[in-house]
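Please have a look at the sequence and the structure first.

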Amino acid sequence: MEQSFTVTENQFDVGGGMSVFYKDYAPRTHSDAVPLVYLPGLMRTARDFDRVAPRLAAERRVITIDTRGRGKGGRSTNPADYRFNALIDDVWRLTEALGIEQMVLAGLAIGVFMSWRMAASQPGRIRGIIANDTGTETFNPLGKKMVALADHDEYSLDEAAEKLRVPNEKGFPDFGLDDWRMYARLVYGEISPGKWVRDFDPGIHVEWGRVKTETPSLWDEFVKVGDIPVAICRGENSQFLTREHAEKMAAALPSSWLVNVQGRAHPLLLDEPASLAAIRKVLTLADGRSA
């Protein structure tokens with residue numbers, strides 16, 4: 001049976017010797033639904049949305065991006081090439097080239113921070129946002145710990161899975177060995193048969209450290225996103241996004257709502273029933289339909 005959507009993969013030249021990698025999921029039949037664009041976390045890639053995009057692509061276009069310095073995105077010896085606003089400019093350039101004028105954004109960590117700024121700066125183009133266990137504050141003690149644990153040594157898949165399991169198992173109590181292997185395939189890239197490494201350029205940390213110093217909070221951008229639908233999805237075991245901050249966000253933005261996902265910490269896989277329901281609600285509202 002023919003799949004109800006197509007998937008293409010490409011590199012996109014953003015100038016200055018840099019590029020981004022993207023997957024373009026497109027329905028085989030015409031759709032007027034608002035496209036969804038996925039923006040990965042600081043040390044993550046478009047693979048994080050591989051389990052979700054096929055569930056949505058029969059009805060709308062879905063674009064997932066490896067930003068500069070992550071996955072198959074361009075790499076640079078100059079950390080300044082990874083500046084925060086350049087990542088945002090790349091998304092605007094790519095979506096313009098793909099003929100996407102308006103979009104819903106889904107993101108994790110830095111991808112969420114990008115979403116707040118993009119919606120605040122060009123509100124007419126962003127029709128909704130799905131935030132994966134991320135708030136508005138750029139400095140986070142758990143984030144600092146995660147960076148410290150993210151070495152670039154080579155591991156077998158099982159070794160990589162174990163390296164992820166040890167610090168995270170309390171947050172994902174239902175995970176078994178196969179789940180941790182699945183998670184390792186999202187976080188690590190296979191550089192040769194049986195050899196896996198973290199899939200990002202360590203140089204991204206230099207620029208991100210500067211951003212955290214200069215922009216400790218994106219609260220002002222968050223409250224300026226307007227009346228678009230915003231799903232604040234939080235893992236109930238998360239130490240990355242506290243319940244208090246998530247509730248503060250939902251109270252400050254009337255068009256937002258908080259979704260607590262049971263049995264999960266940071267980040268969500270976004271294929272949990274509660275996460276998928278939140279994604280579909282944002283998309284339905286963005287399309288101008290009743291949720």
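Predicted model: local features only at pLDDT ≥ 70, side-chain atom pairs only at ≥ 80, totals over all residues.

How do the residues of the lining of the second largest pocket divide into nonpolar, polar and charged? There are five nonpolar, four polar and three charged, where Asp, Glu, Lys and Arg count as charged, Ala, Val, Leu, Ile, Met, Phe, Trp, Tyr, Cys and Pro as nonpolar, and the others, Gly among them, as polar.

Residues are numbered from 1 along each chain as its sequence is written, and side-chain values use heavy atoms, with hydrogens and water left out.

The second largest pocket has a volume of about 170 Å³, and its lining includes Arg60, Arg61 and Glu101. For the largest pocket the volume is about 760 Å³, and of its 38 lining residues, Leu142, Gly143, Met146, Asn168 and His266 are the closest to the centre. Helix H4 (141-149) contributes the most to that lining, with seven residues.

Now to arginine 234, which is buried, yet has no salt bridge, as aspartate 133, the nearest side chain of opposite charge, is 5.0 Å away; buried means under 20% relative accessible area (1.4 Å probe, protein chains only), and a salt bridge needs a side-chain nitrogen of Lys or Arg within 4 Å of a carboxyl oxygen of Asp or Glu. The arginine 234 side chain does reach the backbone oxygen of leucine 241 at 2.6 Å.

Conventions: 1 Å grid on protein atoms, 1.4 Å probe; cavity = no way out; pocket = protein on both sides within 12 Å on 5 of 7 lines; lining within 4 Å. Points joined across faces, edges and corners; volume = space filled by probe spheres on them. Helix = DSSP H or I, 4+ residues; strand = E, 2+ residues; numbered from the N terminus. Buried < 20%, exposed > 50% of the residue type's maximum accessible area, 1.4 Å probe, protein only. Lys, Arg positive; Asp, Glu negative; His and termini not counted. Polar contact = N/O pair within 3.5 Å; in protein donor to acceptor, adjacent residues only side chain to side chain.
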